[in-house]
Amino acid sequence: AKAHARGSIGLFAPEMDMQIRDRRALHQDLSNAIRNGELSLYYQPQAASKRQIGEGDIVGFEALARWRHPTRGFVPPGEFIPLAEESGLIVEIGEWILREACREAASWPKPLQIAVNLSPAQFLNTDLVATVHQVLVETGLQPGRLELEITEGVLIDDFDRGLALLRRLKTLGVRVSMDDFGSGYSSLTYLQAFPFDKIKIDRAFIMHLGRNVQSAAIVRAVIGLGHGLGVSLVAEGVETQEQLDFLVDEGCDAVQGYLIGMPAPIDQYPVLVGLAPSP
Ligand code: C2E
Ligand code: CA
Ligand code: CA
Ligand code: CA
């Protein structure tokens, strides 16, 4: 494949060639990122829904990976996670993220939830159940406090394997959320077949609340659907009071978004996690 790529180099536009070289360099750098201490986690709060949200309403955090590249600065997770997936680095990086998030959460004074994103390759291609079990034992985190977020796309490729994995994960006592609900297709089939504890309504629907009657109808219906199935609902990307009020009125269980709190290093939430507030 390499010889072919070299032979056909004239076919690429110069920018295209640059992109490929760029990716190769970035991949090389990513393979050293853990060792160099360039990866970290930001934490974004999730709160029980009500009109006025205070610190006491926060029920947990979602861990969001950050890579600070030595010369490029922050590379968005939307870029480096897919890169890690293609190269297989996701196994090591994903395990680092899981361990770091659980270790952090185990140190908090209140039993808040900690949500960790699982990428498709991580979900399907590694001995995930053994890893999760090992990390729980190692960190002493109560399994019920760990929530694993997966997107429905993960389940499309191999339904049976996905279902078996989800069931085994649940026997560990952890919770499983369907992330980005509504952004893909076949959602209803997956909801029926897979034992999710939580549905996260995709930001795309929340974003248009108040501007678009279709979004309001969809969000309302998804909340009803989730509750009918005994699953709790979280709205993602809540940015305005108007959106929050709608979600409260519709009985959405929890909310997450810039209105409630930004993703940030954990010391930005000192009281909740038992750190002395910075002066
Ligand atoms: P996601 O899991 O859907 O995470 C939510 C994304 O929405 C985060 O972007 C978050 O910063 C952003 N967000 C939260 N509230 C708001 C809001 O009110 N408005 C807007 N406009 N955005 C909001 P981020 O951190 O850039 O992550 C992007 C995606 O990268 C994540 O989407 C997830 O798919 C992936 N990702 C991030 N961290 C990890 C990780 O540790 N492991 C894996 N496998 N994927 C990760
Ligand atoms: Ca997520
Ligand atoms: Ca999401
Ligand atoms: Ca997303």
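**Reading the model**

Mentor: Let us begin with aspartate 180, which is located in strand β6 (residues 175-181). Please keep in mind that this is a predicted model.

Trainee: Which ions does aspartate 180 bridge, and how far apart do they lie?

Mentor: Aspartate 180 bridges the calcium ion (ligand 4) and the calcium ion (ligand 3), with 3.8 Å between the two ions.

Trainee: How is the packing of two helices described?

Mentor: Two packed helices are described by the angle between their axes together with the distance between those axes. Here, the axes of helix α4 (residues 90-106) and helix α6 (residues 128-139) approach within 9 Å and cross at roughly 30°. Angles under 35 degrees count as roughly parallel, so α4 is roughly parallel to α6. The crossing of α4 past α6 is right-handed.

Trainee: Which residues in α4 and α6 meet?

Mentor: From α4, Glu95, Leu98, Arg99, Cys102, Arg103 and Ala106 meet Thr131, Val132, Gln134, Val135, Glu138 and Thr139 of α6. Classed by type, this contact of α4 with α6 comprises five nonpolar, three polar and four charged residues.

Trainee: How many salt bridges does a search of the whole structure find?

Mentor: The search finds 14 salt bridges. One of them joins the side chains of aspartate 22 and arginine 72, at 3.3 Å from N to O. Because aspartate 22 belongs to helix α2 (residues 14-30) and arginine 72 to the loop between β2 (58-69) and β3 (73-75), the pair ties together parts 50 residues apart in sequence.

Note on methods: Residues are numbered from 1 along each chain as its sequence is written. Chains are lettered from A and ligands numbered from 1 in the order in which they are written. This is a predicted model: local features need pLDDT of at least 70, side-chain atom pairs count only at pLDDT 80 or more; totals for chains, interfaces and linings use all residues. Side-chain values use heavy atoms; hydrogens and water are left out. Axes are lines fitted to C-alpha atoms, for helices over the stretch in contact, and angles run from 0 to 180 degrees between N-to-C directions. Helices (H or I, at least four residues) and strands (E, at least two) are DSSP runs, numbered from the N terminus. Angles under 35 degrees count as roughly parallel, over 145 as roughly antiparallel, 65 to 115 as roughly perpendicular and the rest as oblique. A crossing is left-handed if the near helix is turned anticlockwise from the far one by less than a right angle, and right-handed if clockwise. Contact means heavy atoms within 4.5 Å. Ala, Val, Leu, Ile, Met, Phe, Trp, Tyr, Cys and Pro count as nonpolar, Asp, Glu, Lys and Arg as charged, and the others, Gly among them, as polar. Donors are N, O and S atoms within 2.8 Å of the metal (3.2 Å for Na, K and Ca); water is not among the atoms, so sites may look incomplete. A salt bridge is a side-chain nitrogen of Lys or Arg within 4 Å of a carboxyl oxygen of Asp or Glu.
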